[in-house]
Amino acid sequence: MGKKVTVVGAGFYGSTTAQRLAEYDVFDTVVITDIVEGKPAGLALDLNQSRAVEGFETKVVGVTTGPNGEGYEAIEGSDVVVITAGLPRKPGMSRMDLLETNAKIVRQVAENVAKYAPNAVVIVVSNPLDEMTALAQLATQFPKNRVLGQAGMLDTARFTNFVAEALNVPVKSVKTLTLGSHGDTMVPVPSQSTVNGKPLREAMPAEQIEELVVKTRNGGAEVVALLKTGSAYYAPSAAAARMAKAVAEDSGAVMPVCAWVDGEYGISGVYLGVEAEIGAEGVKRVVETDLDADELASLKEAAEAVRAKQADVANM
C-alpha cells in the first residue's frame with residue numbers, strides 16, 4: 001500500500017508544505033484540507049498540473065472540511081498528518097496570544113484525525129507550538145511518541161543561517177542546534193555548534209553568538225513584522241516536510257523536534273524541544289545531547305515554563 005500524508009490547513013504554510021511533500025515523490029497521495037470552500041481543491045488541481053514539469057507522480061487531493069467533521073473521511077489511512085490549522089500571528093502578537101483561538105481549532109482537528117486516521121503520526125505546527133502539541137496528544141489520545149511538534153528544526157535552521165551569513169561561509173559548513181521551547185525560552189546550544197567542524201566559540205566572540213541567539217529567538221517575529229500580514233512559511237514548511245519524510249521513510253534521522261520527554265536530562269512529563277530519532281512510529285527515542293551546565297539549566301527552565309502552560313491547555 002502506498003504512503004499517504006495529510007496536511008490540515010491550506011494557508012501559505014499548509015500549501016507550501018503540501019507542495020514540498022508532493023515534490024519529494026515519496027508519497028502516493030498528499031491530501032490537503034481546509035474550511036474555506038474550494039480552496040484546497042483549487043490548490044490540488046494547480047499542484048497536480050505541475051507534476052509533468054517537476055517530474056513527480058504523487059497525487060494531490062484537496063478537500064473542504066465542515067464544522068462537524070464533514071470531509072475528514074478523505075484523510076482515512078494517512079500515515080502522517082501535519083496540522084497547520086489555526087491563525088497566524090499579526091505584528092506585535094506573541095505566539096501565546098493565539099492560545100485560546102488556536103486551541104479550539106487544533107482540538108477539533110485532532111479529534112477528527114483520531115477518528116479517521118487512528119494510526120497516523122501527527123506533526124503539529126500550529127502556534128503556540130509546545131502547547132498545541134500537548135493539546136493534540138490529549139485530544140487524539142495517541143501514544144505520546146506518535147504526536148510531535150515542529151519547532152527545533154526551524155529554529156536551528158534560522159540559527160545556522162544567521163551564523164553562515166555573519167561569517168560569510170556556506171550554510172552547509174555550519175552546524176547549530178536549538179532546544180527548549182518555540183518562543184521566549186528557546187535554548188540555542190553553542191557548545192554543540194560548529195563551523196567547518198570547529199567549535200562556534202572559536203569562530204566568533206561570545207557577544208556575537210549571543211546576538212545571533214537573540215536574533216534566532218526573534219526570527220519568526222522579524223518575518224511577521226516585515227510581511228505585515230501572515231507569518232513565515234518557506235522555512236517552517238521545509239522543516240515540517242522533512243519531518244514527515246523521515247516518518248514515511250522510517251529513516252531514523254536525528255532532528256530537533258518538540259517531543260515528549262520522560263526522564264531525559266532529568267526532565268519528565270512535558271513536551272519540549274529536544275533532539276530525537278524519527279521513524280515510522282514518530283519519535284523512536286529522545287537523544288540526549290551533551291550540554292554545558294548553563295545550557296542544561298536553561299533547558300530545565302524552559303521545561304518548567306512550558307509545563308505550566310501545557311497544563312492550562314488540558315481544559316481548552
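Predicted model: local features only at pLDDT ≥ 70, side-chain atom pairs only at ≥ 80, totals over all residues.

Biologist: Which side chain meets that of Asp79 in a salt bridge?

Modeller: Side chains of opposite charge can pair when their charged atoms come close. A salt bridge here is a side-chain nitrogen of Lys or Arg within 4 Å of a carboxyl oxygen of Asp or Glu. Asp79 pairs in this way with Lys3, at 4.0 Å from N to O. The two partners are 76 residues apart, with Asp79 in the loop between β3 (59-64) and β4 and Lys3 in the segment before β1 (4-8). Helices (H or I, at least four residues) and strands (E, at least two) are DSSP runs, numbered from the N terminus. Over the whole structure, the search finds nine salt bridges.

Biologist: Which domains does the assignment give?

Modeller: Domain bounds come from an automatic or database domain assignment. For this protein chain they are domain 1 (4-149) and domain 2 (152-314), and their centres, taken over C-alpha atoms, are separated by 22 Å. In contact (heavy atoms within 4.5 Å) are 37 residues from domain 1 and 40 residues from domain 2.

Biologist: How much area is buried between domain 1 and domain 2?

Modeller: Buried area is the accessible area (1.4 Å probe) that two parts lose on being put together, summed over both. Here the value is about 3300 Å², with 69% given by carbon and sulfur atoms. On the side of domain 1, Tyr24, Arg95 and Asp130 lose the most area to domain 2, together 18% of what that side buries.

Biologist: How many salt bridges are counted between domain 1 and domain 2?

Modeller: The count is zero. Helix α5 (129-140) is among the elements that each supply at least two residues of the side of domain 1 that touches domain 2, and α5 gives the largest share, eight residues.

Biologist: Which peptide bond is cis?

Modeller: Most residues other than glycine have a negative phi, and most peptide bonds are trans. The bond from Asn127 to Pro128 is cis, with omega near -5 degrees; Pro128 is found in the loop between β5 and α5. As for phi, Asp25 has a positive value of about 60 degrees although it is not a glycine, and Asp25 is placed in the loop between α1 and β2 (29-34).

Notes
Residues numbered from 1 in each chain as written. Heavy atoms only, no water.
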